[in-house]
Each structure stands twice: as structure tokens, then as C-alpha cells.
Amino acid sequence: MSNRQEHPHFNDWFQTRGITEVECLVTDLTGILKGKIMPAGKYLGGGRPRLPDSIFIQTVTGGYPDDDDIHFWNPAERDMELVPDPNAIFLVPWADDATAQIIHDCHYLTGEPVELSPRHVLKRVLSFYEARGWKPIVAPEVEFFLVKTNTDSDYPLEPPIGRNGRQESSRQSFSIDAVNEFDPLFEEMYDYCDAMNLDLDTLIHEEGAGQMEVNFQHGDPLRLADQVVMFKRALRETALRHGMYATFMAKPMANEPGSSMHLHQSLLDAESGDNLFAGENGKSSRLFQQFIGGLQHYLPSAMPLLAPNVNSYRRLMRTETSGSAPTNVEWGTDNRTVGLRVPVSTPEATRVENRLAGADANPYLVMAASLACGYLGMLGQLEPRPPMIGSAWSGGHTLPDDIRPALDMLSACQPLAEVLGERFTNSYLAVKRAEHREYFQVISSWEREHLLLRV
């Protein structure tokens with residue numbers, strides 16, 4: 001097969017904007033952007049850029065699982081071609097020279113897709129929906145913290161200094177003035193997002209000091225996952241330019257709430273455009289009930305994809321500072337204590353909000369996992385438990401409380417592996433187990449404080 005670039009659309013796009021450089025991007029399992037930077041002329045006229053497929057078994061620290069854990073892996077590190085998606089091309093508005101950033105899919109030289117790519121995993125799940133004439137629609141909500149720059153990881157993070165010269169010291173949920181403290185940063189962030197055609201909806205101040213939330217307009221899952229990836233990059237860059245960090249860690253500060261990635265989900269008939277979650281007389285449909293049944297049944301096993309890091313589970317602990325983070329997969333209408341919230345809406349807007357995922361998760365895998373669970377519920381006609389009335393926290397903690405038991409649950413869930421892809425699932429488990437082993441070798445300040453001279 002030829003590996004020549006064939007995309008006249010890019011020629012016009014590059015020429016109109018005077019593009020001189022191209023960033024060829026793919027996301028690894030963590031969501032870190034990997035790729036190559038090329039002159040625009042070479043990108044348009046040369047062959048497709050290549051990367052080794054081993055980038056998809058790299059840990060967050062750049063290491064690799066032990067050989068025993070990846071016995072299914074091809075040790076040759078095969079080359080992948082990066083195939084651009086014409087619908088995933090964005091400007092790099094902060095670059096000095098006109099630069100394009102393009103999200104790519106990964107294919108082996110034989111033409112087969114690389115099943116370990118998170119973007120491919122989402123496309124795989126969406127193909128199951130497409131085969132049944134279903135079109136899922138999602139709307140992500142992403143929380144984050146602005147913090148003071150921190151160059152020594154032994155020191156805790158602190159809220160940044162706003163325009164008034166002071167740090168936030170109290171909870172200011174939905175405060176307009178608290179957002180206005182960082183107006184210069186957010187004005188530039190919106191300028192960048194406009195230049196990148198990111199479809200942001202609203203910006204609010206969340207519960208934590210320096211904690212904000214950005215909501216995206218609803219749309220196609222693949223496009224929205226692309227946009228979340230691009231937004232994270234744009235926000236981090238903007239924050240650096242204003243002398244602070246933007247972090248999407250699930251629980252960056254011990255005495256503040258964690259950051260989530262809530263995901264609203266609905267289901268359309270691909271032909272008619274009707275919302276299949278809306279039933280008769282203003283009630284929800286059987287498919288809607290079964291989708292929730294699937295979420296309840298399978299999400300506990302899918303937690304490593306929604307809470308992928310050791311730090312992720314600190315957000316899900318029920319403490320005085322945990323905010324509204326869920327502890328189980330109960331569901332209810334207009335109830336923010338449940339893991340699966342059904343907002344009050346018109347029938348055509350019937351949807352369910354999955355509140356389990358952390359902001360630290362890979363958006364492709366969050367959407368793939370949540371849609372996979374709902375798909376399995378509809379396929380198996382699973383009925384949900386009765387909706388929760390009142391506080392769901394009274395129902396206790398029924399989710400895995402650490403990454404290790406969560407990985408064990410995912411490993412034991414064959415139906416999820418079949419939908420997500422067995423080779424991907426095995427690779428993901430190997431990478432996350434390697435990260436856990438590496439984390440466990442670190443001696444914490446708590447251990448030094450309380451055990452050094454007492455045991």
C-alpha cells in the first residue's frame with residue numbers, strides 16, 4: 001500500500017492560514033500527547049509519519065511493564081503509520097509561527113488499525129452502536145484546579161494568587177467574582193479555544209479554592225473526546241503564560257474536593273434523529289432503563305478507565321472534603337449524590353449523567369467505557385435498581401477503593417474486554433499494574449512522619 005499523503009483539504013487549510021509547521025498527535029493510554037513535528041511542506045508532500053506501537057504500553061513515568069506481564073505483546077515494536085483525521089485539525093494559537101496540530105489514528109503498515117490506541121477503542125465501541133442504527137450523543141463537563149507554580153513535588157500545592165493579591169481561603173461555588181479574579185487568564189483561554197474551534201459552553205467556579213469547571217456543547221463522542229484533549233493542552237499552556245499551573249489531577253490538594261469529568265449521555269435513532277431514551281407520556285424508554293442497568297452492572301469493573309491512577313481514588317473517598325464525588329452507582333432524578341444522575345429535562349433531552357470519572361482520565365477511554373457499559377445493558381436487557389430517593393451516600397461505598405482491586409475487577413470482566421478489545425484490555429491492565437508497583441516503591445511523608453521514630 002502507498003504511504004503518500006492524500007488530503008487536498010489540508011492543502012487549502014494550510015495555505016489559507018499560512019501554516020509552516022505541523023504537530024502530528026496521538027494520545028497514549030494516559031492521555032499524554034505523543035507524536036512528531038514536521039515542516040508543513042514535508043508533511044503534505046512526504047510519506048505518513050511513523051511511531052513505534054510501544055508508545056501504547058508506556059507508563060505515565062515513561063517506563064514499561066515487565067516482560068511477564070506483556071507476554072502477549074509483539075517485542076519487535078512494530079511501526080505504525082499516523083493517519084490524519086481531517087475533522088481533527090486545529091491551530092496552535094500560542095505558537096510564534098503559524099502551526100497546525102492534527103490528531104491522527106494509528107495503523108500498521110498492513111493497513112490494520114492499532115487496537116491499543118485509545119481513539120481506536122472509542123471508535124470500536126461506536127461501531128457497535130452504528131451497527132444497530134444507534135447514535136450516542138455526549139456532553140462532557142471537565143473540572144480543574146488553578147494552582148501556584150510548584151517546582152518541588154515534596155511540597156503540597158496551593159491556590160494561586162488572584163487579581164486582588166490574595167489566595168482563596170473559603171468555598172466559593174458558582175461565585176462570579178471568584179472567576180473574575182482570573183479574568184486575564186480566562187480571556188486568553190477563550191481566545192485560544194475560539195481559534196481552535198472548541199465548542200465550549202459555560203465556565204463556572206466549583207467548590208474548591210481555585211477550582212473551575214468548563215462544560216462542552218453536546219455532540220458526537222469522538223469529536224468531543226478530541227476537543228477535551230485539545231482543551232486540556234490549551235488550558236495548561238494558558239496557565240503557564242499567566243504564571244500558574246492548571247492541573248487535572250483527580251485530587252490535587254488534600255483539603256479540597258476532587259476534580260471530575262462528568263459525562264452526559266443520550267441515544268438517538270441514527271435515521272430519524274429521535275431520542276431513543278424518551279418514552280411515552282414524558283416517561284423514559286425501556287432502552288434508557290436498560291442503559292442505566294448496564295452502567296450499574298458494569299461500571300464498577302470499568303473503574304480503571306474512569307479512575308486510572310492511584311490518586312484517582314482519593315477523590316472517591318467519602319470525607320469532609322470530598323465534595324459531591326459519588327461512592328456508588330445508584331441512580332436518581334435531579335440528585336447530585338448519585339453516581340448516575342438523570343437531569344430534569346424535556347423528553348427530547350432525556351439523558352443520564354455519569355458522575356464517576358475523574359478529570360485525570362483519558363477522555364477517549366471514559367467515553368468508550370461508559371458507552372460500552374450502557375451498550376451491554378441494552379444488549380442484555382438489564383433492569384436497573386429502583387431510583388435513589390434522598391442521599392445516595394447512605395448506600396455506602398460499593399466502588400473499588402484503590403487501583404489494585406479495580407484492576408482485578410476489570411481483569412475478571414470478560415464482556416467488557418470483548419467490547420473494548422481483548423488486546424487493549426490486557427495491555428491497559430499491564431501498564432496500570434506496572435504504575436502501581438512503581439508507586440508502591442515510593443516512601444511517603446506520612447510514613448516518615450508517623451512511623452520513623454514510633455515503630
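Here is a short chat about salt bridges and a helix pair in a predicted model.

Student: What should I know about the model before we start?
Tutor: It's predicted, so local features need pLDDT of at least 70 and side-chain atom pairs count only at pLDDT 80 or more, while totals for chains, interfaces and linings use all residues. Residues are numbered from 1 along each chain as its sequence is written, and side-chain values use heavy atoms, with hydrogens and water left out.

Student: OK, how many salt bridges are found in the whole structure?
Tutor: The search finds 23, a salt bridge being a side-chain nitrogen of Lys or Arg within 4 Å of a carboxyl oxygen of Asp or Glu.

Student: Take Asp-85 and Arg-119: what's the N to O distance?
Tutor: It's 2.7 Å. That pair links distant parts of the chain, with Asp-85 in strand β4 and Arg-119 in helix α3 (residues 118–131), 34 residues apart. Helices (H or I, at least four residues) and strands (E, at least two) are DSSP runs, numbered from the N terminus.

Student: Are those two buried or exposed?
Tutor: Both are buried, meaning under 20% relative accessible area, where exposed is over 50% and partly exposed is in between (1.4 Å probe, protein chains only).

Student: Switching topic, how do α10 and α12 cross?
Tutor: The axes of α10 (residues 403–411) and α12 (residues 422–440) come within 10 Å and cross at roughly 165°. Those axes are lines fitted to C-alpha atoms, for helices over the stretch in contact, with angles from 0 to 180 degrees between N-to-C directions.
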